[in-house]
Amino acid sequence: MTQYKLVRCNINGKDVAKMVDVRASLTDMLRNDYRLTSVKKGCEVGECGACNVLIDGEAFNSCIYLAVWAEGKHIRTLEGLVGPNGELSDIQQAFIDETAIQCGFCTPGFIMTAVEILEAGKLYSDDELRKLLSGHLCRCTGYENIFRAVKKTMYRRLGKEIDF
Amino acid sequence: MYDMKALYEAESVQDAIRLRLEHPEAQIIAGGSDVLVQMREGKRAGKELISIYMIDQMRGVSIDEEENIRIGSLTSFSHITRDPIIQKYINVLGEAVDQVGSPQIRNIGTIGGNTCNGVTSADSASTLHAWEAIVELTGINGVRRLPIKDFYIKAGTVDIRAEEGEIQTAILIPKASYENTFGHYIKYGMRNAMEIASLGCSVNVRLSPDKQTIERCRIAYGVAGPVPMRAPSAEAVANGSRLTQAMIDEFALAVLLDINPRNSWRASRDFRQHIAVEMARRALKESIERAGGVIE
Amino acid sequence: MQKVGKSEIRVDAYDKATGRTKYYEDRMPQEALYVRIKHAEKAHAIVKSVDCAEALAVPGVVKVLTCFDVPDIPFPTAGHPWSMDPGHQDVADRKLLNTHVRYWGDDVAVVIAEDEVAANRGVRALKVEYEELPFVLDVQKAMEPGAPQLHEAFPNNILKHTSSRLGDYAAAIQEEGLIKVEGWYDTPTVQHAHIENHGCFAYMENGRITVVSSTQIPHIIRRVVGQALGRPWADIQIIKPYIGGGFGNKQDALYEPLCAWCTTQVGGRPVRIDCAREETFVSNRVRHAIRFHIVSWLRKDGTFAARKVECFSNQGAYASHGHSIVAKAMGSFPQHYPCPNMECDAWTVYTNRPAAGAMRGYGMPQASFADESNIDECALAVGMDPVEFRKLNIMPQGFHDNFSGNTNYYDTYRECMAKGAEIIDYARKRKEYEHQTGNIRKGIGVATFWYNTAVYPISLETSSNRMQLNLDGTVTMQCGETEIGQGADTAYAQMTAEAVGLASYKDVHVVSCQDTDITPTGLGAYASRQTYVAGFSIRQTAGLLRDKILQYAREVTRQSVDCMDIIDGNIVRKADGMILMSLKELAMTAQYNSVHSEHITAESTYTIRNNAYSFGCTFAEVEVDLAMCKAQVTRIVNVHDCGKLINPALAEAQVHGGMSMAIGYGLSEQLIFDEKTGRPLNNNLLDYKLSTFMDHPRLECSFIENPEPTSPFGTKALGEPPACSGAPAIRNAILQATGVAINHNPINPHVLYAELRKAGLIHDTWLDEEGK
């Protein structure tokens with residue numbers, strides 16, 4: 001018999017509850033039960049970062065996170081960054097402006113990690129930024145423009161002049 | 001969707017012990033970054049799981065009444081790295097676990113899971129060995145403490161008494177171990193992130209008050225043998241010695257008397273030995289400098 | 001205002017930045033059954049039987065199909081255009097599932113189940129009985145007499161051997177005083193590692209089969225599925241949504257044929273095949289590992305008297321793109337560094353490795369690694385600087401290749417090298433890094449590459465598109481050349497706006513997702529052809545659309561067609577620039593005119609009978625930590641001449657991605673196999689060392705924009721070229737840093753350890769004592 005459990009959590013600012021198969025990963029729950037398809041599957045073992053979401057403000061690979069652990073948690077996916085009228089957040093706009101998007105498959109995961117970085121409100125060095133972003137693989141961009149997008153947004157948020 | 005037979009969720013340590021006794025076949029899952037991966041591979045498919053991930057009382061770093069540093073077993077790597085107690089007394093541990101996998105893995109991975117796997121490549125393991133950590137296990141008969149070197153039995157096997165419902169609840173670093181002690185960890189990998197250690201080397205030293213000699217030197221390796229291990233021959237070279245480059249070189253070569261790396265497709269024995277010597281040299285030098293010593 | 005040549009925002013950027021873009025799995029019907037594949041756990045064997053009883057007993061399992069159930073139709077998989085010449089068609093050497101399994105990971109059986117867990121359990125419960133056969137992984141060993149044979153029709157496992165001869169090699173090497181520079185160069189098996197794995201789903205509708213697939217080549221897939229199932233090609237509909245990268249792996253029929261067949265076996269219900277990462281690495285396609293033997297005969301002045309090149313291409317178990325790749329690699333040698341006397345031979349050889357197919361660069365990263373390594377050694381042998389040596393010998397301006405009809409219209413190579421050298425400060429650094437001592441050694445190196453655009457004259461080169469004038473004066477455009485992440489749709493929008501005369505590229509709606517029932521036939525994304533070939537059909541179709549627009553405008557404005565032009569979305573009188581009407585007004589008038597209503601559209605096909613060289617170079621700087629056996633790239637610069645840039649920002653982004661792949665190729669990436677069993681050992685993203693965010697320096701690039709005369713937009717190949725010269729540039733920088741010439745990539749720590757020890761740069765005294 002399939003075992004189900006009621007999972008109550010807050011997803012992108014909204015309190016929700018659903019009966020979930022306990023065997024489900026958080027990726028399964030977000031994609032299948034909530035149709036949040038920005039959460040991508042690239043390896044299912046926590047090595048690529050495509051399924052990354054924020055849980056209580058920290059970045060997690062949702063593929064290796066049991067859905068039942070979401071109980072009581074605040075979860076954010078890329079869908080949650082978009083305003084009610086489709087407005088983009090600064091980091092999404094920066095990804096667009098810096099040509100940091102190509103095939104787009106790693107993009108949602110990358111942007112969510114960038115959100116965690118930016119919300120720390122710190123001015124990280126280039127090396128620190130690279131390390132903080134190193135949990136995502138990208139085959140299209142060589143990371144170059146992603147780095148620029150995150151760095152520029154960090155400086156902009158802190159009201160500082162950028163030194164590239 | 002993971003192929004599990006059933007999932008039991010523990011809400012407290014006592015609950016976990018009870019579940020363990022009720023379901024002796026079940027596998028404990030902490031953060032899951034190893035267990036779930038193995039389950040997907042089919043190795044643990046169809047098994048029951050006991051999740052202890054939601055037991056918040058097993059999280060956090062503190063100093064207990066005996067002045068041990070106490071790290072709750074479910075404390076994630078990233079929280080260890082950011083913790084002020086760790087940063088003040090045993091920063092090298094924070095640095096070591098900051099090299100595990102990736103930022104996301106460091107958010108989910110726990111120090112308890114890392115050690116209970118019993119794998120030699122765990123980034124926390126060599127540092128915990130080098131700092132003579134104590135493992136705290138809690139079971140139906142209460143709390144049992146044992147030195148980390150005794151906790152590791154063989155590759156993939158640690159001393160946890162499932163029949164007594166034991167789970168690992170904390171890792172302790174005694175004051176005598178961390179006081180006035182400075183260390184350095186080097187991870188050797190084939191790339192700079194998302195990496196499993198080809199070899200890990202953790203060294204720490206306590207210098208004499210005049211900072212002229214080494215009072216105590218400890219060195220431990222991951223992946224230099226089936227389980228993490230110390231290199232006592234090298235330590236003997238360093239202990240009581242003056243801070244000279246010749247001593248450091250002799251110390252580094254002496255590790256070969258102790259370590260026993262194997263040939264595998266990941267790296268050859270010769271290569272691992274070569275790197276082990278170089279790592280020992282660099283890690284000791286850095287440890288001495290961090291302790292305020294000047295190499296003659 | 002020019003619409004091309006500007007760094008416009010990608011047309012798909014908003015959707016991708018918000019996560020709304022739909023990839024195949026995001027379009028999945030909820031009721032789709034899961035198909036999981038049982039892969040061979042032998043490198044070479046005959047399947048004697050498959051015991052399905054236990055699998056069928058797993059709750060949720062719907063059906064098990066094995067290699068004994070599939071149609072007896074061998075089919076080819078390469079993403080090449082169909083050839084009407086049977087002698088030029090791709091080799092048909094595999095079935096949907098195979099009884100003769102030829103590599104560890106071959107497809108033996110499938111389990112179709114209601115859910116993922118049941119399907120996986122079903123696969124684990126299958127019992128396959130094998131008759132094991134000896135296997136061979138090495139390309140030259142596979143050619144030896146008595147080697148295990150993979151395919152009956154190909155003795156000694158040789159899929160094909162071709163050669164080319166120029167002048168008289170044997171006589172030329174008799175010249176007195178020649179210096180011989182000889183080397184064997186080995187390149188590894190690597191994989192594309194796009195972040196979206198390949199997957200697809202299939203269902204039947206009105207008796208026809210639809211497959212929605214993560215592919216680069218929908219129209220070609222339609223044909224291959226038809227072939228594999230023995231059905232009329234028109235019976236198949238392929239839909240290609242957005243895809244998460246391809247890099248050539250998805251320029252092959254992967255699991256579309258099997259998926260299509262599976263739906264026919266369950267009454268047309270939707271079925272899905274989702275490759276796991278582990279399957280992507282092994283059971284899709286890989287890059288050919290090619291071994292080269294190069295003998296160069298030099299005069300003291302640094303000129304070539306003669307060269308000999310032998311290429312041994314490791315095809316793996318099935319033909320896929322087969323000999324095309326090494327043929328292209330071999331073909332580069334006489335052109336890249338022209339030499340009057342050359343002997344070139346190339347063999348493509350089956351082995352028991354995963355099947356090799358197309359991958360970014362199509363043989364050129366391999367050829368560049370070998371040729372550019374040998375060239376650096378030639379420079380050393382005559383005491384010349386590597387850049388100067390290249391300047392002396394590399395393809396000159398005006399060079400013409402009779403086969404392709406290509407001409408080197410500009411002094412491209414020298415211009416690229418000059419620019420790269422200036423950016424990285426080559427001359428000063430090269431001198432500074434001479435005669436180093438100590439543990440840290442720095443070096444700087446250069447490499448160039450040869451590439452040509454699209455596949456003419458080897459194969460058909462055609463592009464079709466359709467344009468429709470919308471009621472708001474915008475244009476909808478469709479073509480078969482696919483967006484796979486590279487930004488093709490944005491380039492098409494810019495070119496269409498330019499060619500039609502619209503105000504902005506935003507006035508073009510490119511239908512991104514191809515549907516073979518609707519989209520004009522095109523060949524897809526490969527050979528860095530999209531912008532070049534689509535350019536021809538866009539220019540032609542836009543011309544037709546303009547004619548129709550102006551014809552209609554004549555009726556409304558009473559001006560002659562010759563007097564009018566379309567500029568920035570308006571019909572304009574040429575003589576005085578007067579705006580006669582907007583395209584919106586014209587479209588509305590034309591559509592709703594009660595006397596003469598017209599939906600203005602145009603469609604055409606252009607057969608391209610041109611090809612264009614696309615050249616460039618890489619300069620790399622490295623730092624080698626001898627004791628730690630680590631080489632780190634500290635600076636890297638690519639310079640490309642890909643003609644006029646349609647979108648400079650996107651072009652730069654393409655170059656970054658290629659450079660990243662090249663760094664991995666140079667230093668870390670390699671799929672490895674257990675010598676004892678043939679089992680792949682590192683088919684996952686942890687053990688396969690793709691570069692991470694922390695493994696790169698800044699990626700710098702620059703362009704020389706010599707307009708390509710054959711292209712309507714002055715453009716030529718860029719997608720693949722950036723992946724070609726990075727690895728040998730790194731290798732040559734390591735050579736300068738250490739003095740050690742390493743002739744196989746990736747140059748990872750294991751390789752450095754062995755090579756530096758051999759060269760006496762590191763000493764493991766204890767090993768010396770043991771007499772090792």
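Modeller: A salt bridge here is a side-chain nitrogen of Lys or Arg within 4 Å of a carboxyl oxygen of Asp or Glu.

Colleague: OK, how many of those does the rule find across the interface of chain C and chain B?

Modeller: The rule finds 6 salt bridges there. Some ground rules: this is a predicted model, where local features need pLDDT of at least 70 and side-chain atom pairs count only at pLDDT 80 or more, while totals for chains, interfaces and linings use all residues. Residues are numbered from 1 along each chain as its sequence is written, chains are lettered from A and ligands numbered from 1 in the order in which they are written, and side-chain values use heavy atoms, with hydrogens and water left out.

Colleague: Which residue forms a salt bridge with Arg266(B)?

Modeller: Asp687(C) does, and the closest N and O atoms are 2.6 Å apart.

Colleague: And how many residue pairs are in polar contact between chain C and chain B?

Modeller: The count is 19, both residues of a pair being at pLDDT 80 or more. A polar contact is a pair of N or O atoms within 3.5 Å; within protein, one must be able to donate a hydrogen and the other to accept it, and residues adjacent in sequence count only if both atoms are side-chain atoms.

Colleague: Which helices of chain C each supply at least two residues of the side that touches chain B?

Modeller: H3, helix H8 (277-283), helix H19 (749-758) and helix H20 (765-769) of chain C. H3(C) provides the largest share, 4 residues. Helices are DSSP runs of H or I with at least four residues, strands are E runs of at least two, and both are numbered from the N terminus.

Colleague: How do the residues on that side of chain C divide?

Modeller: Into 17 nonpolar, 5 polar and 12 charged. Ala, Val, Leu, Ile, Met, Phe, Trp, Tyr, Cys and Pro count as nonpolar, Asp, Glu, Lys and Arg as charged, and the others, Gly among them, as polar.

Colleague: How much area do chain C and chain B bury between them?

Modeller: About 2900 Å², 56% of it on carbon and sulfur atoms. In chain C, Met628(C), His750(C) and Trp766(C) lose the most area to chain B, together 22% of what that side buries. Buried area is the accessible area (1.4 Å probe) that two parts lose on being put together, summed over both.

Colleague: Switching to chain A: what do chain C and chain A bury?

Modeller: About 4100 Å², with 57% on carbon and sulfur atoms. On the chain C side, Ala17(C), Ile195(C) and Phe693(C) lose the most area to chain A, together 20% of what that side buries. The contact (heavy atoms within 4.5 Å) takes 54 residues from chain C and 46 residues from chain A.

Colleague: How many salt bridges in that one?

Modeller: The count between chain C and chain A is 5. In one of them, the side chains of Asp26(C) and Arg31(A) meet at 2.7 Å, N to O.

Colleague: Now folds. What order do the strands take in the 5-strand open sheet of chain C?

Modeller: E7-E15-E14-E13-E8, with mixed pairing. Strand E7 (158-166) and strand E8 (179-186) of chain C are at the edges with a single partner strand each, so one side of each has no neighbour in the sheet. Two strands pair if DSSP finds at least two bridges between them.

Colleague: How many bridges join E8(C) to strand E13 of chain C?

Modeller: 8, and E8(C) and E13(C) (residues 289-298) run antiparallel. Tyr185(C) has Phe292(C) as its bridge partner in E13(C). Helix H10 (residues 364-381) of chain C packs on this sheet, touching E8, E13 and strand E14 (304-316) of chain C, and its direction makes about 150 degrees with that of E8(C). Axes are lines fitted to C-alpha atoms, for helices over the stretch in contact, and angles run from 0 to 180 degrees between N-to-C directions.

Colleague: And which helix lies across E11, E12, E13 and E14 of chain B?

Modeller: Helix H8 (residues 123-130) of chain B, running at about 155 degrees to E13(B). Those 4 strands form an open sheet in the order E11-E12-E13-E14, with antiparallel pairing. Strand E12 (residues 199-207) and strand E13 (residues 214-222) of chain B are joined by 8 bridges, and Leu207(B) has Ile214(B) as its bridge partner in E13(B).
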